[in-house]
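Subject: Structure handover and notes

Hello,

My notes come after it.

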Amino acid sequence: MIAYVLRRCLGMIPTLLVISFLIFLIIELPPGDYLSNQMEQLRAQGETASIAKLEFMRREFALDRPLLERYAVWLGAMPGPQGFSGLLQGNWGWSFEFQKPVDQVVSGTLLLTVILNFTTILFVYIVSFPIGIYSATRQYSWGDYGFTLLGYFGLAVPNFLLGLILLYLMNEYFGVSIGGLMAPQFIDAPMSWDKFMSILSHLVVPTVVIGTAGTASMIRRLRANLLDELHRQYVTTARAKGLRERNVVLKYPLRMALNPFIADIGNLIPSLVSGSVIVSVVLNLPTVGPILLSALQSQDQYLAGFILLFVAVLTLFGMLISDLLLAVLDPRIRLGKEAAS
Amino acid sequence: MSNITPGDPGFDTGEKSALDLPDHYVDEVRFDPGEAERLTPEQERYFQASQWRIIWLRFKRHKLALWSGVILILFYLCVPFAEVIAPYDPNMRDSDNIHAPPQGIHLFDDGRFVGPFVYGTRAELDLDTLQWVYVRDEDAVQRLRFFCLGDSYEFWGLVEGRFHLVCPAEGGSMFLLGTDRLGRDVFSGLVYGARISLTVGLVGVSISILLGMFFGGIAGYLGGIVDSMIMRLIEILRSLPELPLWMALSAALPVTWSPLWIYFGITIILGLLDWPGLARAVRSKLLSLREEDYARAAVLMGAPPGRIIRRHLLPGFSSHIIASATLSVPSMILGETALSFLNLGLQRPAISWGVLLNEAQNITVVTIYPWLMAPVIPIIIVVLAFNFLGDGLRDAADPYKH
């Protein structure tokens, strides 16, 4: 098992390299960079005095080098003006817009981003699991139709609009303050039970909004898988032997249907992370989403690049966890040496 | 029976006995192998129908998918005829009607039938909140005109015209879904917005199909190291969250571009991240079809690879490609909406449903002027219809599977 975990982790390294290069290409796509754009602006205004300083800064950040070298410097695989100082060395870059290192800009938001995505995954599984079983075992009942319809709507309504609507309703009927992560009075307060509850109640809307589409597709998947299994002969045999209906379903077919359900995390996580970015913008949540948007708009390339890399790594780790979970749950997945033979 | 070869003494006698009357009964009527199961004309037609006809027959049974297709066709009528359907120019500002609420269509006034009409509105300034309040004027019955001459427009930017499907009464107004902060008609915006919102998915999907067929095709056909490299790339691309990348790519589009170029830029961006799924489907289908008997027969008869792919393999999975492409249209429509909503996509004067929703970005708007959220309705309908249509197509795509 340990060998499998190690191999799986090592396999992520080339993937991460490819992803980091793709992301670097994307953030380099706009013509020029933050500093050269600023220089042009200054030149247009006739202020030549501060241009020299910006020139110096461009050299400092290795922005005057060719593309591949810039990438290597950003990654930390090549000495920049300050020696080896890139992602590999734990230097996440400099945010030109905030005039601060990137880690100071994003530090408060990273944990919340992880928490938000994690609770959403939990929500998706907790909600879709019983509903999926119900829909499969009571196929074509009113409940089944109802959930199917609800699921279709979950897929069709853009989640940022669902966010706006729910936010309005929450404020109207439950008095939860609008936007943000906690009620305004707790922002600087030390951690307390009330603050914790306030955060929790503010997490409800985003979790539901981000999770709806995922929940809908998960219900459909589990329902289809379970229905396939329920028509197998071993189920009939189990019934014929007089097993109670509950045991018939829970003991065997459910186990079989569960694997694709867990393996599906791979499809689920990218869409959840996507959703969390835009929903955070709409609901004004302090995650990386709003920072990414403003960084992209002002071409603050290293900040945007780091956030893109962060969300990509987040999904990769989610998939790693799902793979490991699957290996634990399904004895048929062969590990290490057995797989080779 | 022993082997009888020419020259054997027994050969002649055997020949002779065959020419004699046989000692068993033979029916005079010709044997018809299909006699046992005679087909009804209906079955006959079904078995002789082409693949596409069978797909259509199966698809027709799927009522929900069929009606979704009809609804989509109706929506798509807005694309060529937006100027005629919309009563106003969507960028026309009416400073007398800022944030005017929707005017409902009525049929009866005071119990008297007048035909479709709207009540006029009177604007009053609320001195407490300093807001314009629009009061319904029950006396001003403004009958709608149909097939009429109204505001002039340039049809497709080419031909001048004034013909509209429906116009407000002379001197009256008809804001079916209200107006926005500059007095622009929301309903006309929706009609014009359909032009971009509905085509963005189709163009994006075509790009994604091209890329998917190309990469899936060479991966499935060449195999080996090319195959494994492409599959690895597909895996990586699929593991990336789409929206942040879409945002980054569309933020990279130069601001100096004209709306038309931005539009193409956005569709390319949407298609660029969508092909991996299709490529994977193409590859697996290609690999399985390659092993079919008819494909092998074509190889043995000496058909060149190009012909085998075009004539024998492509028809086998084109229906699948169409079905899965239909299912990926909604995510593209939603993607464009999200980008325009975030101000990263199209901007006025170009109009899409996402651009219209841009007005509904904050909570005050949602509470005070809820009609600005109207674009949500067509988005939901279109996305749902595409989902149902895609499901129906997918079920019908493989007509020989039972």
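Predicted model: local features only at pLDDT ≥ 70, side-chain atom pairs only at ≥ 80, totals over all residues.

Chain A

Chain A contains 15 helices and two strands. Its C-alpha trace spans about 90 × 60 × 35 Å along the principal axes. Of the 341 residues in chain A, 35% are buried.

Helix H14 of chain A

Helix H5 (residues 102-137) of chain A packs on H14(A) at an angle of about 25°, and the two axes are 11 Å apart. Angles under 35 degrees count as roughly parallel, and H5(A) and H14(A) are therefore roughly parallel to each other. The crossing of H5(A) past H14(A) is right-handed. On the H5(A) side the contact involves Val102(A), Val105(A), Val106(A), Leu110(A), Val114(A) and Asn117(A), and these meet Tyr302(A), Leu303(A), Phe306(A), Ile307(A), Phe310(A) and Leu314(A) in H14(A). By class, that contact has 11 nonpolar residues, one polar and no charged.

Helix H11 (residues 253-263) of chain A also packs against H14(A), which covers residues 301-329, with an angle of about 165° and axes 9 Å apart. The cut-off for roughly antiparallel is over 145 degrees, so H11(A) and H14(A) are roughly antiparallel to each other. They cross in the left-handed sense. From H11(A), the residues Asn259(A), Ile262(A) and Ala263(A) meet Ser322(A), Leu325(A), Leu326(A) and Leu329(A) of H14(A). The contact of H11(A) with H14(A) divides into five nonpolar residues, two polar and no charged.

Helix H13 of chain A

H13(A) is mostly covered, with seven of its 10 residues buried. Those buried residues are Val288(A), Gly289(A), Ile291(A), Leu292(A), Leu293(A), Ala295(A) and Leu296(A). What do the buried residues of H13(A) pack against? They pack against H5, H12 and H14 of chain A, and also against helix H8 (242-251) of chain B. After H13(A) comes Gln299(A), which has a positive phi near 55°.

Contact between the chains

In the contact between the two chains, 37 residues of chain A touch 28 residues of chain B. On the side of chain A, the elements that give two or more residues are helix H1 (2-28), helix H6 (142-156), helix H7 (159-174), helix H12 (265-283), helix H13 (288-297) and H14. This side of chain A has 32 nonpolar residues, five polar and no charged.

The sheet in chain B

Chain B has an open sheet of three strands in the order E1-E2-E3, with antiparallel pairing. Its edge strands are E1 (106-109) and E3 (131-143), each of which pairs on one side only. From one strand to the next the twist averages 55°.

E1(B) pairs with E2(B) in the antiparallel sense over three bridges. In that pairing His106(B) stands opposite Phe117(B) in E2(B). The two strands form a hairpin with two residues between them, and Asp110(B) in the turn has a positive phi of about 55°.

Strand E2 (residues 112-126) of chain B pairs with E3(B), also in the antiparallel sense, over 10 bridges. Bridge partners here include Tyr119(B) with Val141(B) and Asp126(B) with Gln131(B). The hairpin of E2(B) and E3(B) has four residues between the strands, and Leu130(B) takes a positive phi near 55° there.

One proline in chain B

Is Pro315(B) partly exposed or buried? Pro315(B) lies in helix H12 (residues 305-341) of chain B. A residue is buried if 20 or more other C-beta atoms lie within 10 Å of its own, and exposed if 12 or fewer do. Pro315(B) has 13 C-beta neighbours inside 10 Å and therefore counts as partly exposed. Its C-alpha atom is separated by 9.6 Å from that of Trp52(B), although Pro315(B) and Trp52(B) are 263 residues apart along the chain.

Regards

Note on methods. Residues numbered from 1 in each chain as written. Chains lettered and ligands numbered in written order. Pairing = 2+ DSSP bridges. Axes fitted to C-alpha atoms, helices over the stretch in contact; angles between N-to-C directions. Parallel < 35°, antiparallel > 145°, perpendicular 65-115°, else oblique. Left-handed = near helix turned anticlockwise from the far one by under 90°. Contact = placed C-beta atoms within 7 Å. Nonpolar A, V, L, I, M, F, W, Y, C, P; charged D, E, K, R; others polar.
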